[in-house]
Amino acid sequence: MFLYYGIACKRKSFWCYRLLSTYVTKTRYLFELKEDDDACKKAQQTGVFYLFHGLAPLLQTSEHRYLVPRLSLLELKRLLGKFGQDAQRIEDSVLIGCSDQHEAWFALDLGLNISSSIYASLPKPEMETELKGSFIELRKAIFQLNSMDSSLLFTAQALLRWHANHQFCSRSGQPTKKNMAGSKRVCPSSKIIYYPQMAPVVITLVSDGVRCLLARQSSFPKGLYSALAGFCDIGESVEEAVRREVAEEVGLEVERLEYSASQHWPFPNSSLMIACHATVKPGQTEIQVNLRELEAAAWFSHDEVATALRRKGPYIQQENETLPFSLPPRLAIAHQLIKEWMERHACSSRLA
Ligand SMILES: NC(=O)C1=CN([C@@H]2O[C@H](COP(=O)(O)OP(=O)(O)OC[C@H]3O[C@@H](n4cnc5c(N)ncnc54)[C@H](O)[C@@H]3O)[C@@H](O)[C@H]2O)C=CC1
Ligand SMILES: [Mg+2]
């Protein structure tokens, strides 16, 4: 679908209207809302609001799935009025996206106790009754959300958390001020501009050509194994981070590295997960687990992984079970990496 965008561009000696896609007009619109406080405030008039309480999103249950209710500006004003709060509080909301028709989406947390804020946290049980829903921890809700809703709520939670934790300037100690969209905070005293941050993390599925290497940390749910992950050090490239993390965690050297995909991951803080496949040097497959980082690591065959992928829900150890392990949920990029490795393996077996 294409729309005419209201900006003329100069081509050769005459002005012409370029045909821009819906996607391009949408990104330009969001850019304008981030840059222009008045435009953003105007967008709130026709926008919708996702509510949070203490970083937990408001959800409604419908047949084993969660629905994510949204409020119009009018509904939100009514709600705030009911709880004796000023509509001014809406300015604490952050922009998290918009529809193809330019309906702006905002998120607002009414349950944060922030020392620099003049607003008190609203009572959770009363709000839940009023809104006919519950504020549920995102980690607990992810399996019952569709991928679009979870991605939007991940973004919203990450942005709301960043604002809650960056209320003061680290140079002047003065309160910082959020712009209308919430894409930055500025210190009126030092003039420093703070932008939301996320930490780059490499996640690597190491293979020896036949098997893949999976590991677990003691903090993982019982029996869960995943690909190797680690935060990038300052000054490192992705390639260097992958090489170091694999060496650090399992004592192996990788040589072939291939980028697969990336994902924003909000737990415990915002990370940009950069997923790669890597192969160990031929003949060097002996694992030396770094027990300060991992509880266990092992090589798994194609058949073992296929069995674990077929299992529905979390693995529960059963008698006579020879493969006591489970894999990360579909939503996690680790799951996608493992599936991709399986598909490649199946493809190369067919060709052989
Ligand atoms: N979406 C997915 O599929 C997966 C996501 N992950 C995520 O990857 C992240 C990193 O994995 P780990 O093995 O825990 O990393 P890691 O192997 O780098 O070890 C964590 C340690 O790194 C240090 N560290 C360095 N920079 C840090 C930073 N910016 N924030 C926090 N700690 C930092 C801390 O000492 C921390 O204890 C985790 O937060 C985890 O949630 C992990 C596996 C799968
Ligand atoms: Mg790690």
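This is a predicted model: local features need pLDDT of at least 70, side-chain atom pairs count only at pLDDT 80 or more; totals for chains, interfaces and linings use all residues.

The residues that come nearest to ligand 1, out of 18 around it, are Ala 229, Gly 230, Phe 231, Ala 332 and Ala 334. At least two shell residues each come from strands E13 (199–207), E15 (228–231), E16 (254–265) and E17 (271–280), and from helix H9 (333–351).

I turn next to the nonpolar cores. The largest contains 38 residues, and those touching the most other members are Val 202, Ile 203, Val 206, Ala 227, Val 246, Leu 337 and Ile 338. E13, E15, E16, E17 and H9 are among the elements that each supply at least two residues of this core. E17 contributes the most, with six residues. Leaving aside residues up to four places away in sequence, Val 202 touches several residues, including Ala 229, Gly 230, Ile 274 and Cys 276. Another core, of 37 residues, lies apart from this one and includes Tyr 50, Met 127, Leu 153 and Phe 154.

Finally, the domains. The assignment for the protein chain gives domain 1 as 28–194 and domain 2 as 199–310 + 324–351. Their centres, taken over C-alpha atoms, are separated by 34 Å. In the contact between them, 11 residues of domain 1 meet six residues of domain 2. On the domain 1 side, helix H5 (138–141) and helix H6 (147–165) each give two or more residues, and H6 provides the largest share, seven residues. By class, that side has six nonpolar, four polar and one charged residues.

Technical notes. Residues are numbered from 1 along each chain as its sequence is written. Chains are lettered from A and ligands numbered from 1 in the order in which they are written. Domain bounds come from an automatic or database domain assignment. Two residues are in contact if their C-beta atoms, placed from the backbone, lie within 7 Å. Helices (H or I, at least four residues) and strands (E, at least two) are DSSP runs, numbered from the N terminus. Ala, Val, Leu, Ile, Met, Phe, Trp, Tyr, Cys and Pro count as nonpolar, Asp, Glu, Lys and Arg as charged, and the others, Gly among them, as polar. A residue is near a molecule or strand if its C-beta atom, placed from the backbone, lies within 6 Å of it. A nonpolar core is a set of buried Ala, Val, Leu, Ile, Met, Phe, Trp, Tyr and Cys residues joined through C-beta atoms within 7 Å. A residue is buried if 20 or more other C-beta atoms lie within 10 Å of its own, exposed if 12 or fewer, and partly exposed in between; C-beta atoms are placed from the backbone.
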